[in-house]
Amino acid sequence: MTPRIAEIDPITLEILWSRLISILDEADTTLLRTSYSAIVGEAHDYAVALLDAEGNSLAEANATMPAFVGMLSRTARSFLQVYPPSNLEPGDVIISNDPWICAGHLPDITLITPIYHRGRMVALAGCAAHLSDVGGRGTSEGRDIFEEGLRIPPLKLYVAGQPNHDLFAIIQNNSRSPEDVVGDIRAQMLANAVTARRLSELLDEYGLEDVADLSAAIQSQTEAAMRRQIDRLPAGVYRASLDLDGFEDHPLRVEVAITIGGGEITVDYTGTSPQVDYAINCPINLTYSETVFPFRASLLPNLPSAEGSMRPIKVIAPPGTIVSPAFPAPVRSRVVVVHNLHAAIYRALQPLVPDYLRPPAIQAHSGCIWGVWWWGPRPTPGTKGPTDVPENWVAMYIFNGGKGATGAADGQHCLSFPQNCSNIPVEYLESRTPMLFECKELITDSGGAGRYRGGTGQRVRIRSLSDKPYSFVPISTDRIRFAPIGLLGGRPGRAGRLALNDTQELSSRTMTMIQPGDTITMETPGGGGVYDPHQRDPEAVRQDVRMGLVSAQAAVEVYGADADRVDNSGAPELTQVPSGAMP
């Protein structure tokens, strides 16, 4: 008789769950090593997950972006409404990038592969990845989704193992970088195939017919664990608001009310700004994921992600707002809204520290992950720069501002939060595009002051080596108008900046044509600090000065350091920001 998971002891259950995670880590590595573009292969902007036959998340790869937690399960259930199991067969692969079904904007393409074992569909392999280009304007200026590129409804990319050549042709002909896009899609397929093969091997090894009982056990245990943690918190309603840069001179606001009680948390965004006619709205799927993340990180940081742990967390995002826009709202740069939600949530949770939430569980605000996009024609042969630039080159650069401090530690410098994207190496872009990086440096005094200091931002200056103009598009630059907030008496971080040739301030939302020899200077925000700066350890302040992270002037004026004991004579030559720029 085939054993039931319910009859297996907790140790075996833990082993099985760990095996699932290891399977996804292998799939993650497969995607990473076979991808074509920098945004996937270098920045790691993707998610890999295993779901049961009903679309419930069983496990995610360890490197999956926290911002995507729970997102693939919502997507899979939408796919199953279009293609129920009776309409699927081995070898099928379903694809879509619909922002209201998938990850919130068109470049994020999701593939779901049904997994069959002994002739029966037992699970789903899911993978979402940000691809380099799917057409469209690529800026925040789009007025509806139709300006933003190719939108693919849930369709079969492969049917019974055979490619849908017509669909591949449509995708290729709607991209500025078709080779990279199709290469990354095939890498996603390989990742799902690895998940399917390894899961089938695991089921054979343990003599199991499917994962239904395993899923039920994982969901019930993770849900119970989350409810226990919530029950430890005092019941009540906790509110906060946060100002966002918005679009040009139209700032926006996020309002959040967090209701805790009865083993559940409800996060209500009623009062948040209405959706706008610019491409910074965020569809509900990603709003949900970004909302769940702070609670997963604060209450159960060491528990692997699964559907059950998210069930006690409800999200109310009123339709027609920037966190739940109605179709066909433009959404291309939705990160500049959604990446600020965790800051509003942590601000609301401040009263729970330290009596109910341990200090490490509170996170000051860091700047939104910064991403910029270039494209243009190949330079004339003989022009200074790499010789193998494609005929129509496309490049995306992901880099990061300072991470906000926690209530127990300084924020890291230039670290992605909460996306877990890596910085794309300078060498990668210089070898493939007509651009020269003239500097990449930390900015002194950019981290918000506090007992725990925010991480510093960075300055990146790039010069065009091309003899032809090209397009420069900031797609997720933010916290330029409103600096990242501090918490519990900590100071804000320094705001970001964009400039052309160091003199002309650039818009963070519109496209700029870069002429030959022009430079673009990009300064990412610093993270916020936590607690009063005068509480900082004097030796830590002196070390900050020696490292060039804090100026001697700020050490005295902001941290209250003894001027006679502050010495920055040995500090590295980091950029010194005038004290007037200090928040």
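1. Start with helix 1 (residues 10-34): what covers its buried residues includes helix 2 (38-41), strand 1 (46-52), strand 2 (57-60), strand 5 (120-130), helix 5 and helix 6 (212-231). Buried means under 20% relative accessible area, with a 1.4 Å probe and protein chains only. Helices are DSSP runs of H or I with at least four residues, strands are E runs of at least two, and both are numbered from the N terminus.

2. A caution: this is a predicted model, where local features need pLDDT of at least 70 and side-chain atom pairs pLDDT 80 or more, while totals for chains, interfaces and linings use all residues. Residues are numbered from 1 along each chain, and side-chain values use heavy atoms, without hydrogens and water.

3. Among the buried residues of helix 1 are L13, W17, L20, L24 and D28. An α-helix has 3.6 residues a turn, so residues three or four places apart point the same way.

4. L20 also turns up in the largest nonpolar core, which has 156 residues, as one of those with the most contacts inside it. Such a core is a set of buried Ala, Val, Leu, Ile, Met, Phe, Trp, Tyr and Cys residues joined through side-chain atoms within 4.5 Å.

5. W374 is another of those core residues. Its contacts (heavy atoms within 4.5 Å) include W393, Y397, M435 and F472, leaving out residues up to four places away in sequence.

6. Now strand 12 (residues 370-377): 7 of its 8 residues are buried. Strand 12 runs antiparallel to strand 13 (residues 392-399), with 8 bridges, and W373 is partnered with M396 there.

Methods. Buried < 20%, exposed > 50% of the residue type's maximum accessible area, 1.4 Å probe, protein only. Pairing = 2+ DSSP bridges.
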